Amino acid sequence: MATNGKLAKTRTAKSAATLKVRVDLAPDLKTKVQPGDSVFIFARATSGPPAPLAAKRLTVADLPATVELGDGDAMMPQLKLSNFPEVQLVARISRAGQPTAGEWIGRSQPLASSTTAPQQLTIDSPDK
């Protein structure tokens, strides 16, 4: 019986997605942001609901930072990172502390949710 339990745990661990992301700020933006500005780092499905699948909140003072986004960071239990084959990583700076709108943003190219290599994300564009 113990063997069955171990197999189940192994399968669960393999199906759980975790993305490692290093987030930094473009050099020309460092004078345009404030240390207390909120930074939202999230993954969303490239084909699916617009809601973030996993998210973390930091401040500009924390940058550069490396975070892990995974199923444990799911915003809703039914929308887990591992349920979607392809995701986009996004980092947004919001002076007002709102995750849906801000002043600056950085986006990755679409990538597999099963990606294990650390990703680099630079906040470098106006959030329009």
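Helices (H or I, at least four residues) and strands (E, at least two) are DSSP runs, numbered from the N terminus.

**Figure 1. The protein chain, element by element.** This is a predicted model, in which local features need pLDDT of at least 70 and side-chain atom pairs count only at pLDDT 80 or more, while totals for chains, interfaces and linings use all residues. Residues are numbered from 1 along each chain as its sequence is written, and side-chain values use heavy atoms, with hydrogens and water left out. The protein chain holds one helix and nine strands. From the N terminus, the order is α-β-β-β-β-β-β-β-β-β. The chain has 128 residues, and 38% of them count as buried (under 20% relative accessible area; exposed is over 50%, partly exposed in between; 1.4 Å probe, protein chains only). Contact means heavy atoms within 4.5 Å. Among contacts between residues at least 6 apart in sequence, 59% join residues at least 24 apart.

**Figure 2. The open sheet β4-β1-β8.** Three strands make up this sheet, and their pairing is mixed. Two strands pair if DSSP finds at least two bridges between them. The edges are β4 (65-70) and β8 (119-123); each has a single partner strand, so one side of each lacks a neighbour in the sheet. On average, neighbouring strands here are turned by 35° against each other, direction ignored. Axes are lines fitted to C-alpha atoms.

**Figure 3. Pairing of β1 with β4.** Strand β1 covers residues 18-25 and pairs with β4 in the antiparallel sense over six bridges. Arg22 has Thr66 in β4 as its bridge partner.

**Figure 4. The largest pocket.** A pocket is an open set of points on a 1 Å grid over the protein atoms alone, where a 1.4 Å probe fits, with protein on both sides within 12 Å along at least five of seven lines; lining residues have an atom within 4 Å of a point. The largest pocket holds about 170 Å³ of space, counted as the space filled by probe spheres set on the points. Its lining consists of Phe40, Phe42, Arg44, Pro50, Pro52, Ala55, Met75, Arg92, Pro99 and Thr100. Strand β2 (residues 38-45) gives the largest share, three residues. By class, the lining has seven nonpolar, one polar and two charged residues.

**Figure 5. Lys30 in its loop.** Lys30 sits in the loop between β1 and β2. Its relative accessibility is 48%, so Lys30 counts as partly exposed. Leaving aside neighbours within four places in sequence, Lys30 contacts Asp24 and Leu25. Val60 is 30 residues from Lys30 along the chain, and their C-alpha atoms are 9.1 Å apart.

Note on methods:
Axes are lines fitted to C-alpha atoms, for helices over the stretch in contact, and angles run from 0 to 180 degrees between N-to-C directions. Ala, Val, Leu, Ile, Met, Phe, Trp, Tyr, Cys and Pro count as nonpolar, Asp, Glu, Lys and Arg as charged, and the others, Gly among them, as polar.
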